[in-house]
Amino acid sequence: MRVRCFVFWTLMSLNWSSAQADTDWVTVLWHNDLFVGTDGGGYTNGAYISWYDLSSDNREDFRAPLVTRPFLGWLIEEHGDDFEVSAHTVGQAMVTPKDISKPVPDPNDAPYAGLLFFRSGFVTLSGNRADSLSVTLGMVGPSSGADESQRLIHKMTGSTKPQGWDYQIKDEPVGQVERARVWRWGPAPTEEPHADLLLLGNASLGNLESALGGALIARFGTRLERSFGTANQLTGRISNPMAIDGGWNVYLGVGADYVYNQIFVSGSGIRSGQKGELRHDQYATYAGWSYSWDRLSLTCSLVANTNLDKNASARQRFGSVTLAWRL
């Protein structure tokens, strides 16, 4: 059942994107708390595959993804001055209690929860500004296949065997609409190493999560003006500010969000099962480096967020690796 669910979402997303244009970039992103020496407790693992279509010289033939079009008129301009990007992601994420060795989880801890989702986004770039609109559709619960994924990863890495997935939250469909903008301050295009500053603002609404926040990212490297648009989904964990076209950079940033609801901890108001007491104010720090060749890009980063719940059991500290290649 869970394998069929994953195949269904993958095929649906591939069919959705095939109507757009030829794929220009593909990225694979893996988050895991093992990268920072921890094991369980809050957001513990995420795996995402994304592909991106860039507008060609014939801009009139480029359309935003189908599921984003109902929101374009009042959330984002359909055409940027420079170019547009159509982005699609299939991903799986999971949250676990702090002590995953217990067969029966602590009722005051964060619940076991998995998410399988498909996300379509539309990005427009105009000078030193990038705007994005994305729509996420998915499923939390056993159909996400998160329990099998964690058991497999922990078996491969020799980590603690998770014991309490029988108590995970039940199946429930989820959705979210997210709007984000990135402003860049930096010098005119130059091949010399230089610094710039990125300001991110984002808002989301849905039973997956409703939040309002932003981040400030400082970077140093080369060809920064070509890659700042990749940072617009940093706070949503779907991407990192990777380098492209032979550039490189190191970055450091801070972020803050007000989270009204979050499916993993507080639920959506209708789901049953274990729930935690959501901490509404969230703060984060980001650090990483990225290096690119002509057709490849590699990014490594660390993220340290405040706890998801007021009992301080669901942290969000993890490392990530992103590999991207141009087709």
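Q: Are tyrosine 48 and phenylalanine 117 buried or exposed?
A: Buried means under 20% relative accessible area, exposed over 50%, partly exposed in between (1.4 Å probe, protein chains only). Both tyrosine 48 and phenylalanine 117 are buried. This is a predicted model: local features need pLDDT of at least 70, side-chain atom pairs count only at pLDDT 80 or more, and totals for chains, interfaces and linings use all residues. Residues are numbered from 1 along each chain as its sequence is written, and side-chain values use heavy atoms, without hydrogens and water.

Q: How many aromatic pairs are there by this rule?
A: A pair of aromatic rings is described by the distance of the centres and the angle of the planes. Rings of Phe, Tyr and Trp (its six-membered ring) pair if their centres lie within 6.5 Å; planes under 30 degrees apart count as stacked, over 60 as edge-to-face and the rest as tilted. The count here is 4 aromatic pairs. One of them is tilted: tyrosine 48 and phenylalanine 117, 5.8 Å centre to centre, with 50° between the planes.

Q: Which strands hold tyrosine 48 and phenylalanine 117?
A: Strands (E, at least two residues) are DSSP runs, numbered from the N terminus. Tyrosine 48 lies in strand E2 (residues 42-54) and phenylalanine 117 in strand E4 (residues 113-126), so the pair ties together parts 69 residues apart in sequence.

Q: What is the pLDDT of the protein chain on average?
A: pLDDT is the predictor's confidence in each residue, from 0 to 100. The chain averages 80, and 81% of the residues score at least 70. Over residues 15-21 pLDDT stays under 50. Where pLDDT is low, the predicted coordinates should not be read in detail.

Technical notes. Contact = heavy atoms within 4.5 Å. Helix = DSSP H or I, 4+ residues; strand = E, 2+ residues; numbered from the N terminus.
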